[in-house]
Amino acid sequence: MAPLATPPHRTGLLVVQPLKRRHCGECQAGPLQMLVLEDGAPRCLDCADLGHLVFLPRGDTALTRRSREESALSAVVVRFNRRKGRYERQGVLVEEAGLARAEERCLADAEARRRRRMRDARRRAGEDVRFAEAFGAEIRRLFPGCPADRARDIAGHASMRGSGRVGRSAAGRALTEVAVTSAVVAAVRHTDTPYDQLLMSGVPRHEARRRIMAMVETTLRAWRAGVSEAG
């Protein structure tokens, strides 16, 4: 049998996933998917008194850590990477009961995280409602002729979380007059003028804005003056 490279010394038990076909030097069982080296000779997990352990692949750091905490006996599983010239961790062997307890702990944490996300979502939703209301109130203050439902729609659109719109900017959150007016102008441009149709017909954006500028200004003047409909 060709010699088997010995992995570097680590604290605790170490199990190897061999690259070549290996048989147990004690009971001759094999080929072995996992083995333990004792004085350079391979031993199967049963002969090494590790046969009752279950394999947990790497990937879930929290589950791995807790499984080892919950297991009186555990071992690290490694495999040699020829290209990199080193042994790499593949997972751990742990007691089945320990793994079950660790899974319960992780599930409890996942439930706690889910509940926290729900609380955070409710909190953010409440903040968004209050901010949209404040934004709408500022629209109505600057443009008293803007219908209440339009003000609500404009505020909700401009302040939508994650939208990147003016209401989510620093100026928007501060309810500056420039930010609020920009939101109103954008809403009027898209809703009360043929701006979108001009864009769809191939008119360049700056030219389309020039063509509808007078319509936008007419509506804004009427709303500032307290007139709900531009006349």
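Predicted model: local features only at pLDDT ≥ 70, side-chain atom pairs only at ≥ 80, totals over all residues.

Start with F80, which is partly exposed at a relative accessible area of 29%. Here buried means under 20% relative accessible area, exposed over 50%, and partly exposed in between, with a 1.4 Å probe and protein chains only.

Residues are numbered from 1 along each chain as its sequence is written, and side-chain values use heavy atoms, with hydrogens and water left out.

**Aromatic rings**

Rings of Phe, Tyr and Trp (its six-membered ring) pair if their centres lie within 6.5 Å; planes under 30 degrees apart count as stacked, over 60 as edge-to-face and the rest as tilted. That rule gives 2 aromatic pairs. F80 and Y87 make an edge-to-face pair, 5.1 Å centre to centre with 65 degrees between the planes. Now select F131 and F135: their ring centres are 5.9 Å apart and their planes stand at 65 degrees, so this pair is edge-to-face. Both residues lie in helix α2, 4 residues apart, about one turn of the helix. Helices (H or I, at least four residues) and strands (E, at least two) are DSSP runs, numbered from the N terminus. F131 and F135 are both buried.

Next, pick R189 and Y195. R189 lies over the ring face of Y195, at 5.7 Å from the ring centre. The criterion is NZ of Lys or CZ of Arg within 6 Å of the ring centre and within 35 degrees of the ring normal.

**The sheet**

Show the strands. An open sheet of 4 strands runs in the order β1-β5-β6-β4, with mixed pairing. Two strands pair if DSSP finds at least two bridges between them. β1 (13-16) and β4 (54-57) stand at the edges with a single partner strand each, so one side of each has no neighbour in the sheet. Select β4 with β6 (residues 86-94): 4 bridges join these antiparallel strands. V54 has V94 as its bridge partner in β6.

**Helix α3**

Last stop: residues 148-158. The buried residues of α3 are R150, A151, I154, A155 and A158. They sit on the same side of α3 because they cover an arc of only 130 degrees around the axis, taken from the directions from the helix axis to the C-beta atoms. On the other side, R152 and D153 are exposed. Finally, show α2 (96-142), α5 (177-191) and α7 (205-224): the buried residues of α3 pack against them, with contact meaning heavy atoms within 4.5 Å.
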